[in-house]
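Subject: Structure handover

Hi,

Here is the structure I promised you.

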Amino acid sequence: MANNPYDEMFRNIARLMEKILSEMPLQDPKIIGFTIISGSPEGAPYLDPSGEEEDGESDVEVVEGDDCIYITAVADARADGAPYVTFQEDSVTLCTGGDEETVIDLECEIDVPHSFYNVQHGVIDAVCRKKSVPGEIARS
């Protein structure tokens with residue numbers, strides 16, 4: 001599985017569920033499984049949780065790690081076009097749907113062939129692998 005900035009949070013949720021299940025009495029019903037869905041159910045009306053978008057806040061979050069830069073954005077469910085991400089060596093072009101694109105300038109060069117993105121439940125997650133410097137030991 002690819003490095004995801006939310007992996008640790010999901011591991012903590014899984015540990016919490018294991019603890020809850022282990023402390024339940026045997027005669028009570030068991031939880032067979034659960035699903036965490038980020039986004040509105042299919043067919044539900046589009047609701048913008050941030051309210052007005054004119055407050056200067058961005059719907060794009062950029063987190064820099066040691067090996068990767070993680071970009072998370074909300075896809076526009078009302079747009080006609082599909083969301084996508086285009087990687088360049090020093091920037092990322094992000095289209096959350098429709099015709100509008102956002103260019104995110106990066107502080108370092110990225111390894112374009114090993115960078116990728118995923119669109120799921122109205123959220124775009126892009127992982128930009130940093131280019132390794134010659135002579136540097138690559139981390140995995």
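What does the accessible surface of the protein chain come to, and what share of it belongs to carbon and sulfur atoms? The total is about 10,400 Å², and carbon and sulfur hold 52% of that. Keep in mind that this is a predicted model.

**Overall layout**

Read from the N terminus, the order is α-β-β-β-β-β-β-β. The chain has 140 residues, and 19% of them are buried.

**The core**

In soluble globular proteins, nonpolar side chains tend to be buried together. Here, the largest nonpolar core has 14 residues. Ile-71, Val-85, Phe-87, Val-92, Ile-110 and Cys-128 have the most contacts inside this core. Four strands each supply at least two of its residues: β2 (68-74), β3 (84-87), β4 (91-95) and β7 (123-129).

Leave out residues up to four places away in sequence, and Cys-128 touches Asp-67, Cys-68, Ile-69, Ile-71, Phe-87, Val-92, Ile-110 and Ser-115.

**Salt bridges**

Side chains of opposite charge can pair when their charged atoms come close. The count in this model is three salt bridges.

Start with Glu-64 and Lys-130. Their closest N and O atoms are 2.6 Å apart. This pair links distant parts of the chain, 66 residues apart. Glu-64 sits in strand β1 (residues 60-64), while Lys-130 is in the segment after β7. Glu-64 counts as partly exposed because its relative accessibility is 48%, which falls between the 20% and 50% limits.

Next, Glu-89 and Lys-131. Their side chains form a salt bridge at 3.1 Å, N to O. Glu-89 is in the loop between β3 and β4, and Lys-131 is in the segment after β7, so the bridge ties together parts 42 residues apart in sequence. Glu-89 is partly exposed, at 41% relative accessibility. Lys-131 is also partly exposed, at 36%.

Then Lys-131 and Glu-109. Here the N to O distance is 3.6 Å.

Put together, Glu-89, Glu-109 and Lys-131 are linked in a network of salt bridges.

One more residue to check. Where is Asp-111? Asp-111 is in the loop between β5 and β6. Which residues does Asp-111 contact, leaving aside its neighbours within four places in sequence? They are Arg-129, Lys-130 and Lys-131. Asp-111 and Lys-131 are 20 residues apart in sequence, but their C-alpha atoms are 4.8 Å apart in space.

**Where to look**

For a quick tour, view Cys-128 with its contacts, including Phe-87 and Ile-110. Then go to Lys-131, which is in the salt-bridge network with Glu-89 and Glu-109. Finish at Glu-64 and its salt bridge with Lys-130.

Best wishes

Conventions. Residues are numbered from 1 along each chain as its sequence is written. This is a predicted model: local features need pLDDT of at least 70, side-chain atom pairs count only at pLDDT 80 or more; totals for chains, interfaces and linings use all residues. Side-chain values use heavy atoms; hydrogens and water are left out. A nonpolar core is a set of buried Ala, Val, Leu, Ile, Met, Phe, Trp, Tyr and Cys residues joined through side-chain atoms within 4.5 Å. Buried means under 20% relative accessible area, exposed over 50%, partly exposed in between (1.4 Å probe, protein chains only). Contact means heavy atoms within 4.5 Å. A salt bridge is a side-chain nitrogen of Lys or Arg within 4 Å of a carboxyl oxygen of Asp or Glu. Accessible areas come from the Shrake-Rupley method with a 1.4 Å probe; for residues, only the protein chains shown count as cover.
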